[in-house]
Amino acid sequence: MGRRLVPLTLDNLPDIPRPCRRCVFWELDPVSGAAAVQAGRPELEKESWISAVLLEWGSCGRLVYVDEVPAGFVLYAPAAYVPRSTAFPTSPVSADAVQLMTSRVLPGYQGQGLGRVLVQTVAKDLVRRGFRAIEAFGDAAWETPACVLPADHLTAVGFKTVRPHRRYPRLRLELRTALSWREDVEMALDRLLGAVQKEPALRPL
């Protein structure tokens with residue numbers, strides 16, 4: 001099973017699921033987001049946001065492919081680029097952290113650890129870029145796939161609650177903790193890039 005991770009760019013943006021490609025929940029404030037949807041141009045707004053972040057800040061996402069088929073993605077950026085973050089009752093994101101906006105592993109590829117690998121890949125990227133932490137708003141009442149990640153998933157991949165809330169806690173992953181993952185991260189990335197011996201059949205985490 002061939003798997004690889006690549007940075008998100010405007011060229012491979014069409015490889016994220018269409019509903020996510022048309023979603024500007026995080027990228028615009030609530031009023032602007034509603035206006036973009038009403039005007040029928042959310043995809044253009046998404047593309048414009050990604051272009052601006054890439055130019056001003058750098059890489060803001062990763063895609064994972066399995067046998068050259070898109071299997072999942074993750075988006076992240078400093079809170080200054082994420083207008084919706086200020087609308088949460090547990091905002092703001094800490095000044096020393098980058099916000100994990102959203103992540104999705106597509107049906108058929110879930111239960112294989114890809115969600116954890118995506119988070120680890122973000123952690124490695126941000127450690128290299130000198131950041132101290134990743135923060136995210138979780139949904140404690142999550143039921144179906146949505147823009148806000150389930151709080152349980154975030155805690156399962158290493159995040160800790162820093163501001164509790166009955167619905168939208170804010171969670172944090174210290175990157176100095178992530179440094180201790182380095183061997184695991186390197187092994188996971190090597191496997192995804194096909195640089196190590198073929199691994200055994202994948203099992204759910």
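Reader: Why does phenylalanine 25 count as partly exposed?

Author: Its relative accessibility is 22%, and partly exposed is what falls between buried, under 20% relative accessible area, and exposed, over 50% (1.4 Å probe, protein chains only). So phenylalanine 25 counts as partly exposed. This is a predicted model, in which local features need pLDDT of at least 70 and side-chain atom pairs count only at pLDDT 80 or more, while totals for chains, interfaces and linings use all residues. Residues are numbered from 1 along each chain as its sequence is written, and side-chain values use heavy atoms, with hydrogens and water left out.

Reader: What makes tryptophan 26 buried?

Author: Tryptophan 26 has 3% relative accessibility, and therefore counts as buried.

Reader: Why is the pair of phenylalanine 25 and tryptophan 26 called edge-to-face?

Author: Rings of Phe, Tyr and Trp (its six-membered ring) pair if their centres lie within 6.5 Å; planes under 30 degrees apart are stacked, over 60 edge-to-face, the rest tilted. Here the centres are 5.1 Å apart and the planes stand at 90 degrees, so the pair is edge-to-face. Ring pairs also join Phe25 and Trp26 with Phe88, Phe137 and Tyr168 in a cluster.

Reader: How do you know that arginine 84 lies over the face of phenylalanine 25?

Author: A charge sits over a ring if NZ of Lys or CZ of Arg is within 6 Å of the ring centre and within 35 degrees of the ring normal. Arginine 84 lies over the face of phenylalanine 25, at 4.2 Å from the ring centre. A polar atom of the arginine 84 side chain is also 3.0 Å from the backbone oxygen of phenylalanine 25.

Reader: Which side chain of opposite charge is nearest to arginine 84, and how far away is it?

Author: Aspartate 29, at 7.4 Å. A salt bridge needs a side-chain nitrogen of Lys or Arg within 4 Å of a carboxyl oxygen of Asp or Glu. Arginine 84 is buried yet has no salt bridge.

Reader: What makes arginine 62 and aspartate 125 a salt bridge?

Author: Their closest N and O atoms are 3.8 Å apart, which is judged against that cut-off of 4 Å. Arginine 62 lies in strand 2 (residues 61-66) and aspartate 125 in helix 4 (residues 114-128), so the pair ties together parts 63 residues apart in sequence. Helices (H or I, at least four residues) and strands (E, at least two) are DSSP runs, numbered from the N terminus. Both arginine 62 and aspartate 125 are buried.

How values were computed:
Lys and Arg count as positive and Asp and Glu as negative; His and the chain ends are not counted. A polar contact is a pair of N or O atoms within 3.5 Å; within protein, one must be able to donate a hydrogen and the other to accept it, and residues adjacent in sequence count only if both atoms are side-chain atoms.
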